[in-house]
Amino acid sequence: MKKNLTLLLIIASAILIIGDFMFSEAFDRGFWMSIVSSVLVIASMLLIIRANKKEAKN
């Protein structure tokens, strides 16, 4: 279940990033901070998935 939840969060974050680029009119500091935070969430979820796979092998 945790694996599916992390994948859903990654997909939702990616969709929100794309939507943010499409519908944002001002590319100010707040815009870029939200993009960076979303990318960091995706990166952390990918690291969690990788760690869980390694743990399952051992």
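Colleague: Where is Asp20 found?

Modeller: Asp20 sits in helix α1. Bear in mind that this is a predicted model.

Colleague: Why is Asp20 called partly exposed?

Modeller: Its relative accessible area is 27%. Buried would need under 20% and exposed over 50%, so Asp20, at 27%, counts as partly exposed.

Colleague: Okay, and what does Asp20 touch, not counting residues up to four places away in sequence?

Modeller: Phe31, Ser34 and Ile35. Contact here means heavy atoms within 4.5 Å. As for Val41, which is 21 residues from Asp20 along the chain, the C-alpha atoms of the two are separated by 15 Å.

Colleague: Let's take Phe31 next. Why does Phe31 count as buried?

Modeller: Phe31 has 5% relative accessibility. The cut-off for buried is under 20%, so at 5% Phe31 counts as buried. Phe31 has its place in helix α2.

Colleague: Which residues is Phe31 in contact with, leaving aside its neighbours within four places in sequence?

Modeller: Asp20, Phe21, Ser24 and Ala26. Phe31 and Phe21 are 10 residues apart in sequence, and their C-alpha atoms are 8.9 Å apart in space.

Colleague: And Ser34, why is that one partly exposed?

Modeller: Ser34, which lies in helix α2, comes out at 28% relative accessibility. Between Ser34 and Ile17, 17 residues apart along the chain, the C-alpha separation is 8.5 Å.

Colleague: How do you know that Ile17 is buried?

Modeller: Ile17 has a relative accessible area of 13%. Since buried means under 20%, Ile17 is buried at 13%. Ile17 is found in helix α1.

Colleague: What does Ile17 touch, again not counting residues up to four places away in sequence?

Modeller: Ile35, Ser38, Val39 and Ile42. Asn4 is 13 residues from Ile17 in sequence, and from C-alpha to C-alpha they are 20 Å apart in space.

Colleague: On to the surface. Which residues form the nonpolar patch?

Modeller: Ile18, Met22 and Phe23, with about 400 Å² of accessible area together. Ile18 lies in helix α1, which covers residues 2-23.

Colleague: What gathers in the patch of positive charge on the surface?

Modeller: Arg50, Lys53, Lys54 and Lys57. Lys and Arg count as positive, and like charges are joined within 9 Å.

Colleague: Why does Lys53 count as partly exposed?

Modeller: Lys53 has 47% relative accessibility. Exposed means over 50% and buried under 20%, so 47% leaves Lys53 partly exposed. Lys53 lies in helix α2, residues 29-57.

Definitions and conventions
Residues numbered from 1 in each chain as written. Predicted model: local features only at pLDDT ≥ 70, side-chain atom pairs only at ≥ 80, totals over all residues. Heavy atoms only, no water. Patch = residues over 30% accessible without salt bridge, like charges linked within 9 Å, V, L, I, M, F, W, Y side chains within 5 Å. Areas by Shrake-Rupley, 256 points an atom, 1.4 Å probe, with all protein chains shown as cover. Salt bridge = Lys/Arg side-chain N within 4 Å of Asp/Glu carboxyl O. Charge placed at Lys NZ, Arg CZ, Asp CG, Glu CD. Helix = DSSP H or I, 4+ residues; strand = E, 2+ residues; numbered from the N terminus. Buried < 20%, exposed > 50% of the residue type's maximum accessible area, 1.4 Å probe, protein only.
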